[in-house]
Amino acid sequence: MLKRMSVFDDLVGQDTVIEQLRSATRAAGEQLAGGAGGGMTHAWLFTGPPGSGRAEAARAFAAALQCADGGCGHCSSCHQVFAGTHTDVLYVRPSGLSFGVDRTRELVLRAASRPTSGRFRIVLFEDADRATEAASNALLKAVEEPSPRTVWLLCTPTAEDMLVTIRSRCRQVRLRTPPTRAVVDVLVNRDGVAPDTAAEAARAAAGHIERARRLATDPDARERRSEVLAIPARLDGMGACVSAAARLYELAEAEAKATTSALDEQEKSDLKAAFGEGGTGKGVAKAVRGAAGAIKDLEEQQKRRATRIKRDTYDLALMDLVAFYRDVLAIQLGARVELSTGAHEADLMRVARASSPESTLRRIDAIMACRERIAANVHPQIAMEAMTAALYMG
Amino acid sequence: MSSASVPPLSIIVGDEELLVDRAVAELVAAVRAGDLEVDVHDLVPSQVTAGKLVEVTSPSLFGERRVVVLRSAQDLTKDLVAEVTGYLKDPADDVVMVLAHAGGAKGKALLEAATKAGATRINCAKPTKAAERLQFIKGEFSRADRQITADAAQALLDAVGSDLREIAAACTQLVVDTDGRVDAAAVARYHTGKAEASGFTVADRTVEGRLPEALEQLRWSLAVGTAPVLINSALAGAVRGLAVVAQPQRGVADAELAKRAKVPPWKLRTLRQQARGWTPQGVARAMAVIAETDALIKGAGRDPAYALERAVIEIAAARGSVLR
């Protein structure tokens with residue numbers, strides 16, 4: 001990775017946002033020096049489509065606020081913010097499907113204390129849309145009237161995802177979908193990916209930077225994507241529909257298992273060690289028995305995390321399918337746009353010729369219905385069988 | 001069985017408690033038949049210690065015979081298993097040892113050691129198939145020197161369910177309450193309704209297009225407390241099976257088909273029979289209905305029972321449909 005010249009280097013194709021955050025940083029400096037600092041405020045809402053770098057933007061802003069030089073990118077404060085170890089920055093990253101009211105209250109309490117370094121106390125809340133309704137209400141008061149040096153940075157896909165009362169108390173930072181060119185540049189310059197691969201990954205990810213990076217650097221991810229994209233052309237009967245749904249299901253299960261199993265074991269053995277397992281002496285046996293409840297809590301937490309990873313994996317696969325049919329539609333209507341699944345051109349052409357634009361739209365609707373159903377807790381295999389059957393029927 | 005013919009070591013393998021109890025009782029009775037002075041030690045794992053084992057197996061002062069029953073032998077700790085195995089190598093003359101083992105992999109070493117030591121094996125596995133349970137009912141009646149007709153046995157099974165103790169109790173009751181050959185009318189006088197209606201029966205009747213029976217089964221199974229989610233997933237399984245056999249992918253062998261439909265290979269024939277009269281359009285429609293129903297059951301709708309009833313009706317209607 002190249003040496004950072006500024007904390008905002010990581011933001012891709014977001015020039016307007018960078019300008020906005022720079023001037024806020026300057027205003028914050030004035031405020032600390034005793035001036036008015038009119039461009040700074042205590043609550044910010046970072047919005048933008050998935051992959052546009054909301055959390056990255058918020059983190060860069062946090063670093064800029066904590067840095068004496070307004071975000072030099074190489075002082076120890078900047079490093080700490082980027083490494084997630086800064087004492088005055090609280091990172092909140094819901095790992096489950098939702099973020100509850102208990103943890104929010106705890107967060108509000110911690111956010112109220114004064115900064116140790118003398119600059120700001122910053123709460124960086126990624127995926128703030130996962131806060132439950134009760135949690136949002138608990139958040140409201142703190143966002144409305146924080147302690148003098150506390151700054152809230154909330155990230156959500158769209159402003160509508162937040163409670164209207166919270167939204168109205170935040171200044172909004174709108175990120176846009178980065179253009180393909182900007183993503184390619186980042187992949188080539190920063191990650192050292194070959195230009196061809198970078199271009200293909202950037203097109204495939206359609207503006208989602210992290211996804212583009214994953215596709216460019218992880219052959220398995222590319223493999224999985226092309227397996228998903230091969231599905232539409234293979235649906236030649238109900239039997240194929242069932243196998244395709246089963247395959248999608250297996251892929252997601254495997255993905256979740258690969259990500260979580262090692263982590264789960266480690267966490268569990270750490271927790272057991274904390275309760276004194278393997279130790280000897282008086283009272284150890286009793287303490288170890290007492291771990292049962294804590295272990296159960298941990299397992300529940302791990303299960304929630306696994307569920308979220310599975311849902312995210314399904315979502316990724318389903319969005320790839322949507323991209324495929326969007327390209328089919330583009331071909332059918334003769335639109336001159338960039339095809340994000342151009343590598344599967346033969347399949348695209350075949351499906352485009354064999355069906356009408358109306359049925360393509362019906363198919364896209366079926367995929368979207370499947371996403372909604374999975375989000376509503378329908379068994380993924382059942383939801384996806386209904387979807388593949390609808391894709392086959394057209 | 002006379003006392004002399006009781007084997008010094010028996011192992012009862014299986015997890016059906018009723019049958020295990022009966023086997024133990026028969027063995028004890030047989031020993032008693034030869035010698036009234038019998039000490040019976042019926043022990044569960046928590047009562048067993050190394051000391052206790054030595055106590056019950058060492059020679060008695062008055063020379064009476066002893067029966068030692070070790071229940072749930074699979075749950076014995078490793079040390080105790082070693083003790084028991086040690087005893088098996090050098091058994092006492094006047095002790096009849098009975099080990100009850102649930103079968104399965106747990107505590108297999110003891111099972112093997114006992115077999116090696118020449119134990120008489122008595123199988124007491126839970127009957128899993130309906131035919132085996134019917135056989136059991138017939139057996140119960142013939143033990144009491146009575147007879148039951150086939151349809152009466154079936155009616156009894158439907159009404160009582162699959163728990164062997166309950167079946168046995170119902171049989172005893174019928175033997176006492178009725179005279180002569182027990183027929184369906186006699187059973188109907190004392191038992192009615194269905195104790196168990198699984199989601200699978202509902203699903204089978206539905207995809208066969210037998211709507212009235214499907215709805216009846218659905219009501220029964222909801223009434224006995226089957227979870228709506230399970231009924232819907234049984235429906236999903238049945239439709240999945242149809243999809244797999246109705247339009248199989250080319251070049252896929254039967255074994256693979258069975259795996260995809262998630263059924264044992266012998267069930268493919270049933271599936272193929274059920275798949276007659278289904279079109280791809282119908283199957284696709286059924287799949288859509290099931291996905292919708294799953295959402296309705298899991299909170300999108302108010303009444304899971306209604307959602308299921310509607311699903312059964314729509315799926316049965318989708319059978320034979322040609323156009324959407």
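# A guided tour of a two-chain model

Begin by selecting Arg240(B) and Glu385(A): the two residues form a salt bridge, and their closest N and O atoms are 2.5 Å apart. The structure on display is a predicted model. Across the interface of chain A and chain B, the rule finds one salt bridge, together with five residue pairs in polar contact, both residues of each pair being at pLDDT 80 or more.

**The side of chain A that touches chain B**

Next, colour α12 (238–274), α15 (357–375) and α16 (380–393) of chain A, the elements that give two or more residues to the side touching chain B. Which of the elements provides the largest share of this side? It is α16(A), with eight residues. By type, the residues on this side of chain A divide into 11 nonpolar, seven polar and four charged.

Now widen the selection to both partners. Here 22 residues of chain A are in contact with 23 residues of chain B. The size of an interface is often given as the accessible area lost when the parts come together. For chain A and chain B the buried area is about 1800 Å², and carbon and sulfur atoms give 62% of that figure. Select Met238(A), Ile382(A) and Met393(A) in turn: these residues supply 30% of the area that chain A buries against chain B, more than any other three residues.

**The loop between α15 and α16**

Move to Asn377(A), which is found in the loop between α15 and α16 of chain A. Most residues other than glycine have a negative phi, and most peptide bonds are trans. Asn377(A), although not a glycine, has a positive phi of about 80°. With a relative accessible area of 43%, Asn377(A) is partly exposed.

**Inside chain A**

Show chain A as a whole. Its secondary structure comes to 16 helices and five strands, and 48% of its 394 residues count as buried. Of the contacts in chain A with a separation of 6 or more, 70% are accounted for by residues 24 or more positions apart.

Is Val228(A) buried or exposed? Val228(A) counts as buried because its relative accessibility is 5%. Beyond its neighbours within four places in sequence, Val228(A) is in contact with Leu248(A), Leu251(A), Ala317(A), Asp320(A) and Leu321(A). Draw a line between the C-alpha atoms of Val228(A) and Leu248(A): the two residues are 20 apart in sequence and 7.5 Å apart in space.

**Cysteines**

Then select the cysteines. Over all chains, the count of disulfides comes to zero. Cys78(A) is in no disulfide, and the nearest cysteine sulfur, that of Cys75(A), is 3.6 Å away. Cys78(A) counts as buried at 0% relative accessibility, and in chain B, Cys171(B) counts as buried at 1%.

**Two stops in chain B**

Select Arg205(B), placed in helix α9 (residues 199–207) of chain B. This arginine has 19% relative accessibility and therefore counts as buried, the cut-off being under 20%. Apart from neighbours within four places in sequence, Arg205(B) is in contact with Arg210(B), Glu213(B), Ala214(B) and Gln217(B).

Finish at Ser72(B), in the loop between β3 (65–70) and α3 (78–89) of chain B. Ser72(B) is not a glycine, yet has a positive phi of about 40°. The relative accessible area of Ser72(B) is 29%, so this serine is partly exposed.

Key:
Residues numbered from 1 in each chain as written. Chains lettered and ligands numbered in written order. Predicted model: local features only at pLDDT ≥ 70, side-chain atom pairs only at ≥ 80, totals over all residues. Heavy atoms only, no water. Contact = heavy atoms within 4.5 Å. Buried area = accessible area lost by both parts, 1.4 Å probe. Salt bridge = Lys/Arg side-chain N within 4 Å of Asp/Glu carboxyl O. Polar contact = N/O pair within 3.5 Å; in protein donor to acceptor, adjacent residues only side chain to side chain. Helix = DSSP H or I, 4+ residues; strand = E, 2+ residues; numbered from the N terminus. Nonpolar A, V, L, I, M, F, W, Y, C, P; charged D, E, K, R; others polar. Buried < 20%, exposed > 50% of the residue type's maximum accessible area, 1.4 Å probe, protein only. Disulfide = S-S within 2.5 Å.
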